[in-house]
Amino acid sequence: MKVLATDMGFGYTKATDGRSHQLFKSILGEANPAQFGESLVGNGSQPPRHFRLGDEAFFVGEWAETQSRGRRFTLDPAQFMAKHAKHLALAAIAPYAPDGDPIRLVTGLPVSFFKRYREAVTALLKGRHALVVFGADGRPVEQQLYIEQVRVIPQPFGSLFGLMLNNLGKPSSQRFVTEKIGIIDIGFRTADFTISDKTRYSERGSLSTDSGMSSAYARVASHLQDQSGVSIELFRLHEAFTHGSLRVKGTLYDLKPVIQQAFDQLAERIATEVNRLWSDDWDLEAIVITGGGGKALYPRLKPLIDGEVLAMPEHEDPRLANVNGYWKYGVHLWGGAASATAPPA
Ligand SMILES: Nc1ncnc2c1ncn2[C@@H]1O[C@H](COP(=O)(O)OP(=O)(O)OP(=O)(O)O)[C@@H](O)[C@H]1O
Ligand SMILES: [Mg+2]
């Protein structure tokens, strides 16, 4: 039995086995074997990005983004669950999944969709999946993924378990076990707010809103459209945000001022949402800010939110905070930490 975790976000899909991790953009695309053969051979150290499930051959992540004609990317939760979640999850865990052996999987859902989709996600992932994985040489290899158990938790609890538990699944920081903690998870599409009261999930204090980073991206996209006349898909703007500039049709656009402005506005919006949602929860002992957007917004949010506001550890990629915590939670539930220390096969 092996414990694995995956976090299918609207922006990025992440997975880990406690030893290594990977992430790719949550984009699916039709596999194009001709292009594959010509341009992508030799990408040996990358985890696989080309799969077949049933009769459907598909690319994920950057391969789908750059190589596929028919690309699927969505910010719509129902469509994401129905058409994307399973393919993204199986692709993400494939490198860590032992062929045919039982896997126990922890994953999450945004808090507002938690009740509605929890059973559906479990049903989608549980069982045996005959996946065909195309390696760097383009050769298909059959892989049986046998997911014997699935546990679905509200996404921000991943970050909380990450802070609370060690790699053996045991509590290592008591305050996160005994205190009432608010968690703000700022992802690509959603901002998720939740409360853990001595590790119990508070339904009343939980909410998902659309205040994810994509709303800042949308502002920058509309600025670029005004300036350049080109309409740019949101998922192609990650690099522009990292560099503070983007070259469109030969012209380099400096985006720093518009990015700063978009971040300021988003932080104010999130702070208003939080202060309203938790107005009765004045007894929160700390508030943790996590998710890929959390790092950029933390300095702006801290002065706008009442209480002790904590950032996630600096050295970790903030996008991985939930998935790392899911895995620790899986080890807490089922044991299996041995898989974290076993030598690579
Ligand atoms: N190195 C990085 N590369 C790309 N984006 C990054 C990076 N570091 C932080 N980010 C930010 O992380 C965001 C994605 O965060 P995250 O992976 O937590 O979202 P998600 O879980 O996919 O989305 P959601 O929670 O809404 O489903 C991006 O929008 C970007 O603003
Ligand atoms: Mg997320």
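**Contacts, cores and a sheet**

Author: Gladly! Beyond its neighbours within four places in sequence, Ile-184 is in contact with Asp-192, Phe-193, Ile-270, Val-274, Trp-278, Ile-287, Val-288, Ile-289, Thr-290 and Ile-305. This is a predicted model, where local features need pLDDT of at least 70, side-chain atom pairs count only at pLDDT 80 or more, and totals for chains, interfaces and linings use all residues. Residues are numbered from 1 along each chain, chains are lettered from A and ligands numbered from 1 as written, and side-chain values use heavy atoms, without hydrogens and water.

Reader: What makes Ile-184 "in contact" with Trp-278?

Author: Contact means heavy atoms within 4.5 Å, and Trp-278 is on the list for Ile-184.

Reader: Why is the set around Ile-184 called a nonpolar core?

Author: The name is for buried (under 20% relative accessible area, 1.4 Å probe, protein chains only) Ala, Val, Leu, Ile, Met, Phe, Trp, Tyr and Cys residues joined through side-chain atoms within 4.5 Å. The largest such core has 39 residues, and Ile-184, Leu-224 and Trp-278 are among those with the most contacts inside it. Helix H9 (256–277) gives the most, 10 residues. Apart from it lies another core, of 36 residues, among them Phe-58 and Tyr-117.

Reader: How do you know that strands E2 and E3 pair?

Author: Pairing takes at least two bridges found by DSSP, and 5 join E2 (residues 12–16) to E3, antiparallel. So they pair. Thr-13 stands opposite Phe-24 in E3.

Reader: Why are E3 and E7 called edges?

Author: In the open sheet of 10 strands, E3 (21–25) and E7 (71–72) each have a single partner strand, so one side of each lacks a neighbour.

Notes: Helix = DSSP H or I, 4+ residues; strand = E, 2+ residues; numbered from the N terminus. Buried < 20%, exposed > 50% of the residue type's maximum accessible area, 1.4 Å probe, protein only.
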